[in-house]
Structures are given as C-alpha cells and as structure tokens.
Amino acid sequence: MWWRDPLRKRIEAELVVEREGWAVERARRVTDRLQGKLPEHDRFETIVIRSDDHNAFTAPGRTIYLSRRLLDSLPDDAAAAFVVAHELAHHHLGHVSGRYAGGAMFDEPIAAHEHELHADLHAIELCLAAGYEPERCIVALQMLDAILLDAGDLEAVLGAEHDREGEITRRGYLPVRERIARVQAHVSAYRSGARIVNTLTAERDQVARRRMRVALMAVGSIAATVALVLLRRR
Ligand SMILES: [Zn+2]
C-alpha cells in the first residue's frame, strides 16, 4: 500500500531508517498498544529515522515518523506513547489529508495552535485508554520543556509577555507550560467522561461522522460502556 504513502517512499530512499534494536521495538510496541481497539485497516505504523532533530511528524499515508534523537531523550514507553499518540491524533481528528479527511472538521479554517491543542488532548485520551500512567506520558512534554530551555527559548516555554497571541500564532503552538497544564487538566476531565471529539462534535457536520466514530472507538466511548453494562444486566 506504499503508493498511498508518498512521503514514506521518499524517506526510506533518502534517510537512514532503523530496522532493529530497542528504539524500533519501543516505537512498535507503543504504536500497537495505542491502537489496540482499532481494526487493521485503521492502523498506523511508526518508523524510527536518524535525524539531528528531536522530532516526530506524520503526513498523508499510514506512517508516523519518530527521530531516534527524540526517542533517546524519552525515559520510557509511556513518554514515547504520548508522542506517537499526538501524531495519531492529527489523523484521527482529520488534520492530515488521507484516511480520515473528508473535509475539514470546521467550515472555517482553524488556527494551527488549536489543532495542536486538540491533538495533545486526544493524545492523552489515547494513552489513558491504552492503560498508560498519565503523569509518565506528560514527561514527553516536560522533556520538550527542558530541551527548549536548554536552547534558551524561554518564550516557547513560557510564552511572550509583550505579545502573547501574536507569539502563539507565529509558532503554531501554545507555550509548553500551558500545553502541560491543559493536558493535566484533561486527565480528570477524561475520567469524568469528557472526550475531545465529543466537544468538537458539537460543531461538526455530517462529513466528520466516520472520523468521530474511529476516534471514539480508539479512546473508548462512554456510550459503548453504558450499553455493555445494560446488556450484562439483562
Ligand atoms: Zn502536532
């Protein structure tokens, strides 16, 4: 199916892709566990690439790319899971053209940092649904915080005092400390039944329905849990 994954073809031709070892095993293990509830045709694969950057990204297709350098900086499976889950979330939420994209979630274009926030929140939902300890997952964002501080990028961590909104728009992300706080707050919201797709669904149109179904299947829908309990009581 790689003809539908044009970036992967190029990356495999032009970059060093790791094929074995602990980093590859960790990437594979967490990607499988995060998608445990999804059928084969809805699943993605993560590959580990050699790069000087600490990064993770995805593109139209079925692949998530994780740099070895980033994996080296993450202490365990849970932290790596958050990074993979964030990229999966961009697909589930329809931010990437391809499998789940059937038109934008909203008619109005939405700001990049909003997409990133939604991806963070759906990512922690995926991690919780897969049974990872949320505080250990959030270590991924704390490592990013440390990497940015080390590089002297205080505004990426704390935001810009003089031009908060402008800085967020230019970067396409909320300041890392705010991302951490929003994800932490979403852990308790998730446990009370909140799901980011349900929140977004309030404003969605028909086109988004299949995407919602898959995203909810992945994080465990409250409605399905209730139905199961009712069936058992009969
Ligand atoms: Zn992102």
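The following legends describe close-up views of a predicted model of one protein chain.

**Figure 1. Overview of the predicted protein chain.** Residues are numbered from 1 along each chain as its sequence is written. Because the model is predicted, local features need pLDDT of at least 70 and side-chain atom pairs count only at pLDDT 80 or more, whereas totals for chains, interfaces and linings use all residues. The protein chain contains 12 helices and three strands; helices (H or I, at least four residues) and strands (E, at least two) are DSSP runs, numbered from the N terminus. Of the 234 residues in the protein chain, 35% are buried. A residue is buried if 20 or more other C-beta atoms lie within 10 Å of its own, exposed if 12 or fewer, and partly exposed in between, with C-beta atoms placed from the backbone. Among the contacts in the protein chain with a separation of 6 or more, 65% link residues 24 or more positions apart; two residues are in contact if their C-beta atoms, placed from the backbone, lie within 7 Å.

**Figure 2. The sheet of strands E1, E3 and E2.** Three strands form an open sheet in the order E1-E3-E2, with mixed pairing. Strand E1 (45–49) and E2 are the edge strands, each with a single partner strand, so one side of each has no neighbour in the sheet. From one strand to the next, the twist averages 25°; angles run from 0 to 180 degrees between N-to-C directions, and axes are lines fitted to C-alpha atoms, for helices over the stretch in contact. Strands of a sheet pair through backbone hydrogen bonds, either parallel or antiparallel. Two strands count as paired if DSSP finds at least two bridges between them. E1 and strand E3 (residues 63–67) run parallel and are joined by five bridges. Glu-45 has Thr-63 as its bridge partner in E3, and Thr-46 stands opposite Ile-64 of E3. Helix H4 packs on the sheet and touches E1, E2 and E3, its direction making about 20° with that of E2.

Figure 3. E3 pairs with E2 in the antiparallel sense over three bridges. Four residues lie between the strands in the hairpin of E2 and E3, where Gly-61 takes a positive phi near 130°.

**Figure 4. The surroundings of Phe-57.** Phe-57 belongs to strand E2 (residues 56–58) and stands opposite Tyr-65 in E3. Phe-57 counts as partly exposed because 14 C-beta neighbours lie inside 10 Å. Leaving aside residues up to four places away in sequence, Phe-57 touches Tyr-65 and Glu-87. The C-alpha atoms of Phe-57 and Leu-88 are separated by 9.6 Å, and the two residues are 31 residues apart along the chain.

**Figure 5. The crossing of helices H2 and H4.** Helix H2 (residues 22–34) and helix H4 (residues 77–92) have axes that come within 9 Å and cross at roughly 60°. That angle makes H2 oblique to H4; angles under 35 degrees count as roughly parallel, over 145 as roughly antiparallel, 65 to 115 as roughly perpendicular and the rest as oblique. The crossing of H2 and H4 is right-handed, a crossing being right-handed if the near helix is turned clockwise from the far one by less than a right angle, and left-handed if anticlockwise. H2 contributes Arg-26, Ala-27, Arg-29, Val-30, Thr-31 and Leu-34 to the contact, and H4 contributes Asp-77, Ala-80, Ala-81, Val-84, Ala-85 and Leu-88. By class, this contact has eight nonpolar, one polar and three charged residues. Ala, Val, Leu, Ile, Met, Phe, Trp, Tyr, Cys and Pro count as nonpolar, Asp, Glu, Lys and Arg as charged, and the others, Gly among them, as polar.

**Figure 6. The crossing of helices H5 and H9.** The axes of helix H5 (residues 112–129) and helix H9 (residues 176–191) cross at roughly 45° and come within 9 Å. H5 is therefore oblique to H9, and their crossing is right-handed. Leu-117, Asp-120, Leu-121, Ile-124, Glu-125 and Leu-128 of H5 meet Arg-179, Arg-182, Val-183, His-186, Val-187 and Tyr-190 of H9. Seven nonpolar, one polar and four charged residues make up this contact.
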